[in-house]
Amino acid sequence: MEYPDSIDAVQESLARENYVCGRALATVVFLSLRLGRPLFLEGEAGTGKTEIAKTLARALGRPLIRLQCYEGLDASSAVYDWNFPAQMIAIRTAEAAGGSTREGLQEELFGPDYLIERPLLQAMRPSDAGAPVLLIDELDRTDEPFEAFLLEALSDFQVTIPELGTIKAPEPPIVILTSNRTREVHDALKRRCLYHWVDYPDVQRELDILQARVPEASLQLSKEVIAFVQSLRTEDVFKKPGVAETIDWAKCLLALDVISLTPEVISDTLGALLKYQDDIQRIQGSEASRLLEEAKAQAKEMV
Ligand SMILES: Nc1ncnc2c1ncn2[C@@H]1O[C@H](COP(=O)(O)OP(=O)(O)O)[C@@H](O)[C@H]1O
Ligand SMILES: [Mg+2]
């Protein structure tokens, strides 16, 4: 599918896939597609960074290739590896058959049949649908050497495998990098990308998201949920609930046939919103009741 030809068109095509995209985010997505630049999304956990890459792939009808980062991730796990067990079996088989290893085996062992393609190499491969969306997720979990390596890979979209030669993407992939900012990602990498900070949504947008994702929740309950979560985010908690938690909580409330929030219901389900015992303890009880009163008043004002 062709890229959307305006910022509005980006918003519409994402909305069709139930992703509520603000103007600012839609603008960088549009520009990143138009200019062919990687998009770097940074923000708290659960604010929709990973989801937008998945949604964009669906909206454009492109394959999604995901590189999940973790501590110790290295080039061989990110780009390619050799299928060592299969190589061993081939050697043993050749030995058993011929006594000594036959000619040409070495070359065969380091050929395409024994190559394991990891996400970065997969992303260089052409597909009928067009260039894939390459999601490099939670980059802050890797270390600096990997970032430096990535900087190079993203600059020319080619990979050199000594035994096979250089593989170059016929069309560069659509690249989205995310970071939950558990540490700062190096400037050099950020400069190569378009950057956007993904903040918690405001009341209206979060209500839109909830209605898109949990349409079976009544408008009244949805408003109370959003108002409560939004005021909870202003509290001094160690880990604020993200949009993912809002959605989970609403689903819990539906499963419990809750029609309207009460202090008891909140106390029973707080674990869907807060994931640290200290936070739960701090909010549980009188603090939750105060927030609930505030939320009920706020929910009435919402349109
Ligand atoms: N703007 C949005 N529109 C629709 N759903 C959203 C939006 N933002 C977040 N979500 C929901 O929240 C969930 C968590 O988002 P995710 O992308 O995993 O967060 P992050 O990668 O930022 O930690 C998603 O699965 C999705 O259901
Ligand atoms: Mg994520």
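Is N18 buried, exposed or partly exposed? Let's start there, and keep in mind as we go that this is a predicted model.

N18 sits in the loop that joins helix 1 to helix 2. Within 10 Å there are 14 other C-beta atoms, so N18 counts as partly exposed, since that label covers everything between 12 or fewer, which is exposed, and 20 or more, which is buried. The backbone there deserves a look too: N18 is not a glycine, yet its phi is positive, at about 65 degrees.

There is another residue of this kind, further along the chain. D257 also has a positive phi without being a glycine, in this case about 55 degrees. You'll find D257 in the loop between helix 12 and helix 13, the latter being residues 263-269. With 6 other C-beta atoms within 10 Å, D257 is exposed.

Helix 1 covers residues 7-16 and helix 2 covers residues 23-35; their axes come within 8 Å and cross at roughly 105 degrees. Helix 1 is therefore roughly perpendicular to helix 2, because angles from 65 to 115 degrees are put in that class. Who makes the contact? On the helix 1 side we have I7, V10 and Q11, and on the helix 2 side R23, A26, T27, V29 and F30. Sorted by class, the residues of this contact are 5 nonpolar, 2 polar and 1 charged.

Let's zoom out to the domains. The assignment for the protein chain lists domain 1 as 7-73 + 119-198, domain 2 as 80-113 and domain 3 as 203-296. If you take the C-alpha centres of domain 2 and domain 3, they are 58 Å apart.

That brings me to ligand 1. Where does ligand 1 lie relative to domain 1 and domain 3? Both domains contribute residues to the shell around ligand 1, so the ligand lies between them. There are 18 residues around ligand 1, and those that come nearest are G48, K49, T50, E51 and A244. As for the helices, helix 3 (49-60), helix 10 (203-213) and helix 12 (243-255) each provide at least two residues of that shell.

Conventions: Residues numbered from 1 in each chain as written. Chains lettered and ligands numbered in written order. Predicted model: local features only at pLDDT ≥ 70, side-chain atom pairs only at ≥ 80, totals over all residues. Axes fitted to C-alpha atoms, helices over the stretch in contact; angles between N-to-C directions. Helix = DSSP H or I, 4+ residues; strand = E, 2+ residues; numbered from the N terminus. Parallel < 35°, antiparallel > 145°, perpendicular 65-115°, else oblique. Contact = placed C-beta atoms within 7 Å. Nonpolar A, V, L, I, M, F, W, Y, C, P; charged D, E, K, R; others polar. Near = placed C-beta within 6 Å. Domains from an automatic or database assignment.
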